[in-house]
Structure formats: C-alpha cells, structure tokens
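Hi there,

Here is the structure I promised to pass on. Have a look at it first, and my notes follow below.

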Amino acid sequence: MGGNSRKFKKAEKNKIKLKGAKLPKGTNVTKTNFKVRKIVLPDQIKQRNLSDAAVLSNRSLTVKDCLAKLSHTNQTAKCDGLRGLREILLKLPIEVTEKHLSATIKAVVGTAVDLERDVRRDCFKTLGLLFAATGQENMAPFYDVLLSFLRCAMTHIQPRIQEDSLLLLDVYLQYLPGLVLQNRDKIFPQFLDMISKLRNETKPERTLTLTLNKQTTSTKWRTRVLMRLVGMLKILIDHKTGKEEKMPEPDESEPMELSEDTDPFTPKSSKNLPRPNRMKVDYVFDVNKAHYPLPSYHRYEPCPLPSLFRRSIGVTNVTFTDQLDEGRKLKAYVQMIMPILFESWLEVHPAGDRTEATGRLLSSEAHTTLDLLLDIAIQLWELVLIYGRETKNSDIADWLREQYAESFNDHILKGFPYHQSVATSNKRRLKGGSERNMMDEQCHQQNFNICYYYCCLNENFRSVRNKNYAKIINYIEQCVNNWKFRSPEVGIHLLKVLRFLLLETDCSTVNQNTRGLLKTLLEVYIQAKLPPATRNKILILFCDIILQNDHLWREYGQDIFTLWLRMLPNLLRKPAIDFNVLRALNCFGKQNNTIFLQSLEENAEDIVNNLPLITVNGEQRPNEGKEMVVNVLFWIGKRSTLEKLLNSDLGALNRETKSYFQSILRIRLTSLPVENKAE
C-alpha cells in the first residue's frame, strides 16, 4: 500500500503544468444535437393523474391500489391500504359502494382474521364506514361471506383473534342487525363456545370453561361475551315487537292505553299471556252501564290452530340443524344461557352471610356480573312472553318458572338486597366507569330487577305469603319512603317495578303486604315534594289500577282511593297539567265514578275560570288539551251546574274553544233526563 502511494505522487509531479494557458474556443460548448424519446405512462398512473382528487386517498391511491395492498404480506402495507379505503369512503363513498363493492367487502373482511392486531383493528374501523355508506339492504347479498369470517374468527386457534371477534360482532350488531337476526341459530352456539361447553352432546345445557388466555381473567372475558349477548337478544326483541307496532292504532277512548310505557316492566299477564296492546278492537256498550265501554276482542282474534295441535315442546335432545319451530328454539336458548348465568354468578358472588340491615357487599366484578345476569334473564323472559302472545300458549312460561325459580331463589335472592362499598364505587369512578355505576352505590337497579324477576317466576306472587315476597315488599317500601335518588334513572326504574307489582293483571289477589305498599305510595304522593314527571307517572299508575281492573281495585279496598279521587279535580285548577292525566280523568268520567264526579261538580266553576289560563303539556295540536278539559266537564250529571257553567264568562278563550265548550255542554244537557230539572 505504501509503494503505490509513492508512485501516484511521483506521477502527479511529472505532469505538464499549463500556467496561464486557456482552452481553445468551442471545446466547452454543450452539445444539443441528441434525440429525445417520449415517456409513456401506464394506464393506471394516467387515470390517477387525470381523475378527480376526491376518489384518491391522501397518498394519491385509488381504490384498486388500496385493495392491492391488502393482499400484501407486510403489516404496514395492509394498514396503509385500509387507511386509504377509509379516506376514500369519507370523501366519495359512491366510488367504492357502486364500482368496487364486492371486491372491497371480500378483501376487507378477509383481514378480520389477520395475525397482526393492528390490521384487525383497522379492518373493523373500515367495515363500519363501509356498512354505514352502503346500507343494510345493499349488504344482504354478502351476508354469507361476512358470516363465514365471523364464525372463523370465533373458532380461530389464536386466542387473540377469538378475542377480537367480539369487536367484529359489535360492528355487525351496530350496522347489520339483520345479519345477526337471520343467522342467530348459527352464531349462538359458536358464540357461547367461547365461554362454555356442552355438558352432554345430546342436550343444549352448557357449563363454563376456563379463561381464554393467561392475560385476561375468566370473569372479565365472560363479561365481554355477555355484554354482546345482551345486544343480540335486544335485536331479537326489537324484531318481535316491531311486528306488533305495524298493527293499527287503538281507539283513543280505550282505557288500556293510558300508560305509554313500553318497557320490560309494563304489566303483562303471564298466565293468559295477553294480546298485543295495539290490536284494534270494537266496543260493545252495556245498556245498564252506558258509561263504561267493553272491548270485544273475540270478534277479531282468529283461533291459532297450529298452536293447538302442535306437539309438546318438552323434547330436550334438539340441535340447531333440525327444522325446529320458534318455541323449541326459544327453549333451547333458555337452556343454553340460564346455566351459564348462574355459574358465572357463583364464581363472583360475595362470600359470607348477609346482614339483615344492608345485605351483601358486592365487588366490582360481582356488580357487573349481576347487572348483566339480570338484564339477560329479563330479556329471555320477555321473549317468552312475546312467543306466548303470538301462539296463545303459556307452556314455555310455565316451564321456565318450574325449571329456574328455585335456582334463582337459592343463588341470587338469598343475598338480597345488595349494595356496593364506597371504596369500590370510587375505584370504578377513577377507572372511568359508567355514570350509572358511579352514582348507584346502593345497587338500586340490580335490586329492582331482582324484585321484578322474582315476581315473574312466581305466577301468583301477590297471594304468596312467604319471607321472600315480604322481603321484596319491605325493600320497595323503604325506597318509596326515601324517594331521593342521586340519579333520575333510578326513580324511573322504581316506577316501572311499582307498576308491575301493583298492576300485574295475572295476579288478581292482594295480600296485606301489597296493600301496605299501595298505602305508602299514596302517602308519599300526597305529602312528598316529588318532581312533576314522577308525580304524573304515579298518578297514571293509580288511574290504571282503577280503570283496567275493577276486581283488583276492590281487592285493594275502595276506601284507600276515596281521598285520592276527591283530590283529582283539583289538578284542573292548577296552571299546568299533563295530557295523559287528562285522558285518565276523562276515563273516570266515562266510568261514572261517583266519588270523582261529585268532587268535579264542586270544583266546576273554578275549573272553568282556570280554563283560559291552563297549560297542557304533551298535546299534539293547539287547544287539544283545553278541549279535553271540556270533555271531562261533559260527565257532570247536574243540570243546574251545567247551566251555570254555560253562563260563565269565557272572554279569554279563543273563538273555536268557546264554541266547542258551549256545544259540548248543550249536548250533555239534552242527554240528561227531564226529571233532573226539579233538582
């Protein structure tokens, strides 16, 4: 190396040095006599450059470019392709949904089972945007493809892919509920396989399995699965109740429609399993009692022959591959889910004996598990009631009571009532828990659900004189006396439970505990300062007890409602009133309730003087509420009182309402017997 360096230096020194010499002219000129060949661009690049920027991603990728990246083996390339598709969907969704829909769906949903977690999460985001832009109807032809990848993810050998399959199910539940509804028989077994297994291959009963992986506890994993189960059952319930909502609206004078609550606690008979509330009926008027309309349902209800002649549903060795009717499928659902719920509770339920004063203390996991358990059990019960109304058959309801009432009492009702410690509630608050969990340390919602479900599982619960029912009534009575909840939702939930306990038409008898609860509620309504919305709902509940079931009212005792009925006309003298309350008062007039009508006559003049000033909340059109007040005054039976009302000063009323007031009272005067003039 050293010798070569010396030789190079010596050669440099021996070169001729041109000092001050210049190059001849023309030797440093750039030559331009060369030929240029045209640059030919591929068609794909030419289309990208000439098309609108709205159909390109932020990195100038077309839909085909993004789909090509999804078939790449590199994780970054797949994420770039999914991100590019989302950007195009946000800019111009029609470019994807009309021209490349089939290819896009197959390519994107294929990444739902990718080994990389980031790719799967980007896949779920892209599917959500794609489903929202396309619509559920246009996605129906691709249900088989989407379902196959969901089932593949649920049964995948990789635990992380199984875990993320719940996120894929969330996307389907939110954007494609029809897919879950149509294929529920295929999804349910594999969905429950993630937390359970069959006890016997010939029976649908299941038992819990161990945790999915070492990084997630069994309780947390089961909680995630059960949360999705709540969503699946809700879709099924919405589908069933949607059929009933298409029926014609009932006549406005029907007393059964006083309450507008459409929740699981709405009073429904479980023995006779009553007909849908929205069925249009005719009215037959009794000559002797012309004030009370009698609905004649039998004229419009055909006899369901298939339900009468079908075989018993007591067969247990059934599978989803068989062609089963809805009753057997529903029973199979109950047999699969209920044992899992009880076993999940047994793993987290609080140990030790409960205290009579406060009940058992729940941990955070036990609180969540109990909440999900009760929600799912109530949803299953509602499905049973819907099926019973459709088939006019209560065999599944009777079977469910016989099968699971004892287990419910032993496992859940034994520690009732439950509550949460302050430390646990604060811990949930710091971890970002839901508002309901943060503000309900006493577990009111869970305890109210326990009360409701216990009454569902006991057919004639009001006549049952045992410690369990007495314990439930005592708890509800304490909550009524202390009606100061930190969350308004808790008060609404208590009203739903009270409606079921006091108004369930299947249980016609009344014991002393229930009668005492009704008296307590009346005292709180009269004396306590409750919010107006709460007072209106309690008022409508009392009205329904009297209007819907005359036998039930007599069982409670007419003396309980005497003072309350005398107070009702005073509501028409106040500045504001709810329209539903007016409908209830009108029904009292139709029933010719003597206590109510007597008090109405005494306050008639004050009511008419207040008519121009009263505000009716919830009226559908102007002056509808004031016309309803006039309809209530129509039922006054004294001619002298009506004639005095006709001579009242109605100058503040508008012309239409004044004319309606005068015409209605004149019609009433002509209908009264002549002998009333002497009075």
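Does Cys587 count as buried or exposed? Cys587 counts as buried, because its relative accessibility is 7%, and the cut-off for buried is under 20%. Please keep in mind that this is a predicted model.

While we are on cysteines, the structure holds 0 disulfides. Cys587 is in no disulfide, and the nearest cysteine sulfur belongs to Cys543, 8.6 Å away. Cys79 is buried as well, at a relative accessible area of 8%.

Next, the aromatic residues. There are 16 aromatic pairs in the structure. In one of them, Phe342 and Tyr404 are tilted, with 35 degrees between the planes and 6.4 Å centre to centre. Phe342 sits in helix H15 (residues 326-348) and Tyr404 in helix H17 (residues 395-411), so this pair ties together parts that are 62 residues apart in sequence. Phe342 and Tyr404 are both buried.

Another pair, Phe561 with Trp564, is edge-to-face: the planes make 70 degrees and the distance is 6.1 Å centre to centre. Here both residues belong to helix H26 (residues 558-567), where they are 3 residues apart, about one turn of the helix. Both Phe561 and Trp564 are buried.

Phe561 and Trp564 also belong to an aromatic cluster, together with Tyr525, Phe542, Phe588 and Phe596. One member of that cluster, Tyr525, has a charge over its ring: the charged end of Arg535 sits there, 4.3 Å from the ring centre. You will find a second case at Phe634, where the charged end of Arg668 sits over the ring, 5.2 Å from its centre.

Finally, a helix to look at. Helix H21 (residues 467-481) has 15 residues and reaches 21 Å from its first C-alpha to its last, close to the 21 Å expected at 1.5 Å a residue. Its buried residues are Tyr469, Ala470, Ile472, Ile473, Tyr475, Ile476, Cys479 and Val480. What do the buried residues of H21 pack against? They pack against helix H20 (444-457), helix H22 (488-503) and helix H23 (512-527).

If you open the model, you could begin with the cluster that includes Tyr525 and Phe588, then turn to H21 and its buried residues, among them Tyr469 and Val480.

Best wishes

Conventions
Residues numbered from 1 in each chain as written. Predicted model: local features only at pLDDT ≥ 70, side-chain atom pairs only at ≥ 80, totals over all residues. Heavy atoms only, no water. Disulfide = S-S within 2.5 Å. Buried < 20%, exposed > 50% of the residue type's maximum accessible area, 1.4 Å probe, protein only. Helix = DSSP H or I, 4+ residues; strand = E, 2+ residues; numbered from the N terminus. Expected span 1.5 Å × (residues − 1). Contact = heavy atoms within 4.5 Å. Phe/Tyr/Trp six-rings, centres within 6.5 Å; stacked < 30°, edge-to-face > 60°. Lys NZ or Arg CZ within 6 Å of the ring centre and 35° of its normal.
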